[in-house]
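Let's take a walk through a protein model and look at how charged side chains pair up. Have the structure open and follow along.

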Amino acid sequence: MKPNSAVSLLLLSLGLLGLAHPHPGRRVRAAVGVCAATAAAVAGTTLLEYGLNLDLGVDQLLFLDRGGAPVVVPPGRMALNTAVGIALESLAQLVLLTSRRRASGIAQVVSLVVALVGLLRLYGFVNEVSELERFGQYTGMALPTAIGLTLLGIGSFLALPEGGPARLVTQRSTTAMLGQRMLVVTLMVPPALGWLGLRGHDLGWYGTRLGFTLLVTGNIVVTGTLAFLALATADRLEQGRSRAERAVRAYAQLRTVMDHTPAIVFLRDLRGRYLAVNSQFERVFGSGPVPTADAADADPLPGPVGHRDQLTGASRRAIQFESTWTSADGTARRFLTSLFPVADEAGETYAVGGVSTDITERADAQREKERLQQRFRALLEATPDAVVIVDRSGDIVLVNAQTEAMFGYTREELLGRTVELLVPEHRHRAHVAHRRAFADSPVASPLCGGPRLHGRRKNGEEFPVETALNPLRTEEGVVVIASIRDVTARRRAESQLIELAAMVESCEDAMVSVASDRTFTFWNAAAQRIFGYRPDEAIGRSADILLPVGREDETAQLLARLRDGERVDHFESVRRTKDGRLIDVELTVWPTVDHTGTVMGTSASIRDISDRKRQEARRRQQYERQRTIASTLQRGLMTLPPQLPAIPTAVRYLPSVQGAGMGGDWFDLIPLAAGRVGILVGDVMGRGLEAAAVMGQLRPAAHALAKARLSPEEVMQALDTVVQDLADQIVTCCYLVIDLVRNEITLCSAGHLPLLLVTPDTQVHQVQAPISVPLGVGGVPHRQTTVEVPAGSALVLYTDGLVESHHHDLETGLKTLEAELQAGFADNRTTEDIADHLVNTFIPDPAEHDDDVTLLITRLPAATATVDLPLDVRAAAIGRDFLSSTWRAWQWDHPDETARLLVSELVTNAVQHGRSPVSLHIHRSAWELTVEVTDAGALPPRLCAPADDDESGRGLLLVDALADHWGTRSETHGKTIWFTLRHPAPPSTVKASGHVRGSPAPAEPSAGAAGEGRGGVR
């Protein structure tokens, strides 16, 4: 196959795929046109070259043929018959693009010619006839090309089967089926016979004449067979036409009968198609589409599809049912339909007949009757009273559910029995006489009762009732409707009301009622005893007679609450008696409403509490004296720890206001050596003086243990031993050591709440400490853990009094605390502001809080730097240079000369008056700079006024004048002098704290001079 032939066949195949698309769009049709036009151009150019004996260069346009010098045609040129087939196929596809019926017929004929060109080559190959391969001396068609052209021709022929010759073999009909068979035989049998004849001749079985005779004979046999098949098919068609004519005659007779019946008559085959309908069908449903039945039916009209099993089974029985159809005028009609099977001559069911009678009016009347009966029954069942319907003879004919519930009988036990079954036995004779008298003169009577009117339950219990009798005339005669109401609860309520009135009258509290016009309507004996007014003096008078001057607003507020239906309990106030005295009273007031819920007035219970108020005042004075003593003791036990400049700390402590106002919470900040700080928080279980006493023993013990350089777990073990020596005491405690140089904490917790860590990105995390039991339990060793923390982080310690209350559980409180911490640090608030906000959030009303609250928030420096200094004159210069290099390393714009001066003074003071070793510590936070100089000398520096001629003694004066804060503290081996300075300018980039140039740094307060801090105890 030549390259041009392959490319052309590929393009035509793509075009055929586009034509086979069920809904080809504009782009698909354009692509088909391009493919067909390209193939036509290649084939047409080749034919032109053959016709004019030219070489236009199209043969090797795509591929270069190096097979050797040509003999007859240039290299790469497709065969002549190939070019003809491709040109015709291209023409056929272009014609098919027009989508016209006449054009499609022409294209199909051309497609058959294309297939014939390919078949000739295939027949030549099968029968070894070289003359069919090529025309003359030109290049022959390749076998794959022949197959491709044959398939393309057949595909184009069947691409649009709706019109042209293709319709004759593709439509669903007997003629198309016969044509398909004849085409298959025509295309397959003669070539097969010809091949067999040639093969026998080549093998020498017979000569040319005999072979030709055998070929003719075979064609005659095939043609005759086809003829007989066509005759058989025509005979079947003729028999079908005869049956159809007979059916038409039978249909005409049946139509006459069907058109004269008032019912709807129809005939449907087993597939549900209508075979016949009468004129009544057309009048009801019109001549348009078949009407649609309601959703309950399986078919548009009742037919064989939905009822095939009943109509075509072994029984073949008729069926009858009701259904609703929609007529031509849009109205829904109800029909009674009968379906029956219709058999052919062989006795097989081939159709279903149906007769439908319009029963709309009858069905409507029946539905109306049932609707009325249902409404009556529903009304009867909805009646809150028991209803019994009795006929003239006294027999019960109908009861409702309330009758069953009231008397305990079921409906089956009551129907047909005499109504005296529901009357006490000793009242049977009187009831029969009353029933007969009512039957003689039936007059409706309202609901009434009396002390002697009772009913009788199934268990024999008698109960008071009220009855109403109403006669009702029916087709069966007059019946009596008896409405019966159980008044047991009302009689009991009346009795209780009488008892309640007696109780109110004898009550020790004043009981009064006030109408909507604020006048008294009820006044009991206790009210007369308390206020001095007799009932005849108070009833009818305004309630303001008891109101002291200046209490008008109080009364207006009470009335507003009462108008909203609210009850006011235990409201303490002051009222005035008849003789003008003012007494303390406790009121309980509630609105009085009628049956509609409308407030008609108020009622009040008033108790004289003057004696109780005097006793409460005396107890209050005693309590305040005891509380003052306890508070003094608490402050003595809970001394304020020093504020450390390197780690600013906000501390809040709220003692419980319940009881003695004392508790067992404590905290402590402990400066340690080597740039470390200890923080201790504890909580003694319980409250009061005993818990405070335990706290007073543990706090100094813990402080001393921490100062002794014990690790957190060793401190906990020692405290556990101390608590075990105290009888029945349980203590939770958390001790952590902060290493400012390494930015890590070492933590040990004895059953305390988790430590919270707030990182510089404001994320809140719980620091996981080894699980341990509270102090005093014993038997479980306490373990510590060391955790690295980012520079600039904050630590939060607290006791359960902050996060646990009656309003929420501990877990909810912890989640709220974490959320509030994250929001506070995200808003760049100071630790002091955050501490105040947390206390106000969790303790909105300190007077109602019943537990101690301890909260401690400390923030680590954003960065730390340390250097050891020699004890000589070089120390000051080294310290200044170290400050400048650290300043640049932290990416601040310019070193602060004030800080350099103060560092020089402190280092010089340590060299002159202290002892080795000397070290310089620099801490940076987001808001200030802290510098510490530590030496081994124990004598602290002090301010003094130097003489005019003194050459020294002015260093601390400069520190006191220029530093924001400064101070000293004792260390284990020496002392530390420190000062703090606010940032002179915003840093260009403070990486540790997360601020960028120009962003406002949080205003964090620092510690005061000489260990005096601002985070006081509240």
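This is a predicted model: local features need pLDDT of at least 70, side-chain atom pairs count only at pLDDT 80 or more; totals for chains, interfaces and linings use all residues.

Side chains of opposite charge can pair when their charged atoms come close. Searching the whole structure turns up 36 salt bridges, and we'll visit a few.

Start with Asp579 and Arg581, whose closest N and O atoms sit 3.1 Å apart in a salt bridge. Arg581 has 45% relative accessibility, so this residue counts as partly exposed. Asp579, at 56%, is exposed.

Now hop over to Asp836, which forms a salt bridge with Arg652, with 2.9 Å between the closest N and O atoms. Asp836 belongs to helix α24 (residues 831-842) and Arg652 to strand β16 (residues 649-654), so the pair ties together parts that are 184 residues apart in sequence. How accessible are the two partners? Asp836 is partly exposed at 26%, while Arg652 is buried, with a relative accessible area of 6%.

Last stop: Lys613 and Glu572, joined by a salt bridge of 2.3 Å, N to O. Here again the pair links distant parts of the chain, 41 residues apart: Lys613 is in helix α19 (residues 610-637) and Glu572 in strand β13 (residues 568-576). Lys613 is partly exposed at 24%, and Glu572 is partly exposed at 36%.

Terms used: Residues are numbered from 1 along each chain as its sequence is written. Side-chain values use heavy atoms; hydrogens and water are left out. A salt bridge is a side-chain nitrogen of Lys or Arg within 4 Å of a carboxyl oxygen of Asp or Glu. Helices (H or I, at least four residues) and strands (E, at least two) are DSSP runs, numbered from the N terminus. Buried means under 20% relative accessible area, exposed over 50%, partly exposed in between (1.4 Å probe, protein chains only).
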